[in-house]
Structures are given as structure tokens and as C-alpha cells.
Amino acid sequence: QVQLVESGGGLVQAGGSLGLSCAASGSILSFSVMAWYRQAPGKQRELVAAITRSGSTDYADSVKGRFTISRDNAKNTVDLQMNTLKPEDTAVYYCNAAIYLPFGSTRDYWGQGTQVTVSS
């Protein structure tokens with residue numbers, strides 16, 4: 001059973017920085033893509049950033065230029081460095097690991113989430 005454990009959330013003032021880390025119980029090379037999602041109160045969960053097995057990255061428009069996703073295959077971790085944080089970045093952040101299956105389906109694994117709160 002795959003386990004993803006997030007760490008690094010907390011409270012920060014607007015304009016500050018935080019780093020999140022996701023540790024997987026197995027090799028992250030077994031996943032097609034790893035990503036960070038977030039969910040704010042009353043809103044749907046949304047993709048923040050993703051990184052493929054080959055290292056290609058993708059970001060939500062709202063975080064481009066401020067957030068950086070990276071992976072360490074040796075440590076089986078995926079990190080999210082968040083700079084110039086805004087109050088609207090406040091949410092629970094979830095680590096996701098996905099395996100692409102035939103016929104367009106996906107097998108997803110999720111962490112328990114970590115709270116990020118940005119005060120104005």
C-alpha cells in the first residue's frame with residue numbers, strides 16, 4: 001500500500017515563503033506523475049503543480065512564477081517551494097501520486113493533507 005506523508009505546512013504572513021515536502025513509502029519512479037493539489041474552504045480541490053517521471057513540470061496560472069515543484073528520486077520525495085505567498089493561497093495542500101493505466105484511467109494515491117495559512 002502506497003503511503004504519502006506531507007510535511008511543512010503552517011502559518012505565514014503574506015509575502016513570505018513556505019516549503020512543503022511529500023515523502024512516499026516506495027519509489028516515486030513507479031508513478032507517472034506526482035503533484036500538489038489544494039483545497040480551500042468551500043472550494044473544489046485544484047491542481048497546483050505537477051512533475052512527471054521525466055521531470056517535466058506544470059503549474060496553475062495562479063502560482064506560476066511563485067511556486068516551484070521538484071523531486072528527489074533518491075529520497076522518494078516531492079517538494080513544493082512556495083514564495084511570495086498570498087492570502088488566497090490559504091488551503092489544505094495534498095500530495096498526489098498517479099499511475100496512468102490503459103484506456104485513459106488513472107490510479108491515484110493521496111496524502112492526508114497539510115494546512116497552509118497565509119495571513120494578510
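Q: Where does F103 lie, and what makes that stretch a loop between two strands?
A: F103 belongs to the loop between strand 9 and strand 10 (106-110). Strands here are DSSP runs of E with at least two residues, helices are runs of H or I with at least four, and both are numbered from the N terminus. By the way, this is a predicted model, in which local features need pLDDT of at least 70 and side-chain atom pairs count only at pLDDT 80 or more, while totals for chains, interfaces and linings use all residues. Residues are numbered from 1 along each chain as its sequence is written, and side-chain values use heavy atoms, with hydrogens and water left out.

Q: Why is F103 called exposed?
A: Its relative accessible area is 86%. The cut-offs are under 20% for buried, over 50% for exposed, and partly exposed in between, using a 1.4 Å probe and protein chains only. With 86% set against the over 50% mark, F103 counts as exposed.

Q: What about G104, in that loop too: buried or exposed?
A: G104 also sits between strand 9 and strand 10. Its relative accessibility is 71%, so it gets the exposed label. G104 and L11 are 93 residues apart in sequence, and their C-alpha atoms are 38 Å apart in space.

Q: What is the phi of F103, and what makes it worth a look?
A: It is near 65°, a positive value in a residue other than glycine. Most residues other than glycine have a negative phi.

Q: Which loop holds T84, and what is its phi?
A: T84 is in the loop between strand 8 (77-82) and strand 9 (91-100). Its phi is near 50°, again a positive value in a residue other than glycine.

Q: Why is T84 called partly exposed?
A: T84 has 45% relative accessibility, so it lands in the partly exposed range. G55 comes in at 36%, so it is partly exposed as well. You'll find G55 in the loop between strand 5 (46-52) and strand 6 (57-59). G55 and S70 are 15 residues apart in sequence and 8.0 Å apart in space, C-alpha to C-alpha.

Q: Why does R38 count as buried?
A: Its relative accessibility is 6%, so R38 falls on the buried side of the cut-off. R38 lies in strand 4 (residues 33-39).

Q: How do you know that R38 makes a polar contact with D89?
A: The two side chains come to 2.9 Å. A polar contact is a pair of N or O atoms within 3.5 Å; within protein, one must be able to donate a hydrogen and the other to accept it, and residues adjacent in sequence count only if both atoms are side-chain atoms. At 2.9 Å, the pair meets the distance limit. The side chain of Y93 makes a polar contact with the side chain of R38 too, also at 2.9 Å.

Q: Which other residues does R38 contact?
A: Contact means heavy atoms within 4.5 Å. Leaving aside neighbours within four places in sequence, the partners of R38 include Q44, E46, V63, F67 and V92.

Q: What makes Y109 a buried residue?
A: Its relative accessible area is 18%, so Y109 counts as buried. Y109 lies in strand 10. Its contacts beyond four places in sequence include V2, L4, F31, C95 and I99. Y109 and L4 are 105 residues apart in sequence, yet 7.5 Å apart in space, C-alpha to C-alpha.

Q: Where is I99, and which residues does it touch?
A: I99 lies in strand 9. Among the residues it touches, not counting those up to four places away, are S30, F31, S32 and Y109.

Q: How many helices and strands does the chain have?
A: Zero helices and eleven strands.

Q: How many of the residues count as buried?
A: Of the 120 residues, 41% do.
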